[in-house]
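User: Hello! I am new to this structure and would like to learn how its elements get their labels. Could you show it to me?

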Amino acid sequence: MRKRFCIIGILFISFASAQEFTTFKNGLIYNEKTMDKLGKIVDSLHLKYKTCDLTKIYFSKKQVKGCIINLNSGNVAQAKKDMDNNISLENFILKYPGATVRKDILIIKTKTKDYNKKNIIRYDELSLNNNYGLYLEKDDKKPSVEKPEKGTWVYDYQPKTSYSEEYIEAFYFPENFKSIPLDQKYSKQIVYSDCLIDLSTTKFKENAKSERFNAVVTLPENWQSLPKNKKEKLLDEMRSSEAVGSCSNDFSPRIQGVNMALLSAETAHWEIFLRSHLDIMNDRFERVSDASYAWKDRQTYIKELEELDINVPDLLLGIYFRIDNAEKNHYYGDIGRLGRAISESKNRELFLTNILSMIKDEKLDDYNRVLAYFLFMNCNYYTKSKTEKKFNNAKVINAVKTLPKYLSDKIKVEVI
């Protein structure tokens, strides 16, 4: 069996590609005792769900069909001034024929925080190929970027230095950004996921430290026989110190994730258990570096959720949607990892039927329709049956044709 190794200070970690974590007689990474405790918690959650606001409507991310402009020659400084004065796109192209212009680009606007926890507005190009799309971040306190209007620009200008030439890259918005309500069936899935995950807390404490070498990632051999207060203390220690991977093969963040799931299950902290398990599924862990060759060994463990009496399709689709009015602590799933988990689901056919309908749904916003396409393609990539892959491929080709032409013309589905 092939193994990989990673040296972390004096810590030497190895893991096998066949299986990450120990599995028990039930075939799961949680033993029968733990699953029984989780099952009892889930029973109480069914009652809680009935008290959630099932009428709440969520809205799509703000989006617009816009343009991207790059200029790195000529009078770039003057181009910047013209953008500040809201020159029209047509006049800009006439005045700066050397500019590269890409039209009909789906641009997403999001209020978020940057690496330093500063409030910003981020503008993202939705790239439909394997390239990274352009994104720009602006201080949300500036009136000019707080609420962009039709015919305005957002740009990044860089003067000439000894290392690079002067250039400007910009988004141009021919129309106002729009956010539309999601159909109630989609909003109910988001409500279900929020209610099940529990938004009242987070996995780590607000003041948790990030540790590359000293985070609590191990459990004593006799941990299950410890009194509840000792288990609570261990869980509290783990919530206070987040393991950060030192390299792609540093397994400590995922070990900590499993240990937190085990402890929270034993101590009836469902809200921490589910976030811990979803983080394992979505591989949501901090690492100094993370090369793609290491990704395939990190399993999703969807089966563990499906053995509990919860609606896994609604849970996962509820964290797939990108929305503008998300509740605080709302959990967003990773599209690639969700697709992989769905490929391993016992409800795969139901998932794919729903995802195809979302791609075709003309009432759904363009952004979420395209994300549904990515979700489907990721699932099909990990599907093992070649016959099923080919069958699914034919279905998604037809579904893509129903997208707005400015999107469908740019999506090239490879014929299997």
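Analyst: In E6, the bridge partner of Asp124 is Tyr135. This is a predicted model, where local features need pLDDT of at least 70, side-chain atom pairs count only at pLDDT 80 or more, and totals for chains, interfaces and linings use all residues. Residues are numbered from 1 along each chain as its sequence is written, and side-chain values use heavy atoms, leaving out hydrogens and water.

User: What makes E5 and E6 a pair?

Analyst: Two strands pair if DSSP finds at least two bridges between them. Strand E5 (residues 119-125) and E6 have five bridges, in the antiparallel sense, so they meet that rule.

User: Why are E6 and E7 called edge strands?

Analyst: The open sheet has six strands in the order E6-E5-E4-E3-E8-E7, with antiparallel pairing. Strand E6 (135-139) and strand E7 (152-158) each pair on one side only.

User: How do you know that the buried residues of H1 line one face?

Analyst: Buried means under 20% relative accessible area, exposed over 50% and partly exposed in between, with a 1.4 Å probe and protein chains only. In H1, Thr34, Met35, Leu38, Ile41, Val42 and Leu45 are buried. Seen down the axis, the buried residues fall within an arc of 125 degrees, so they line one face of the helix; the arc is that of the directions from the helix axis to the C-beta atoms. On the other side of H1, Lys40 and Leu47 are exposed.

Note on methods:
Helices (H or I, at least four residues) and strands (E, at least two) are DSSP runs, numbered from the N terminus.
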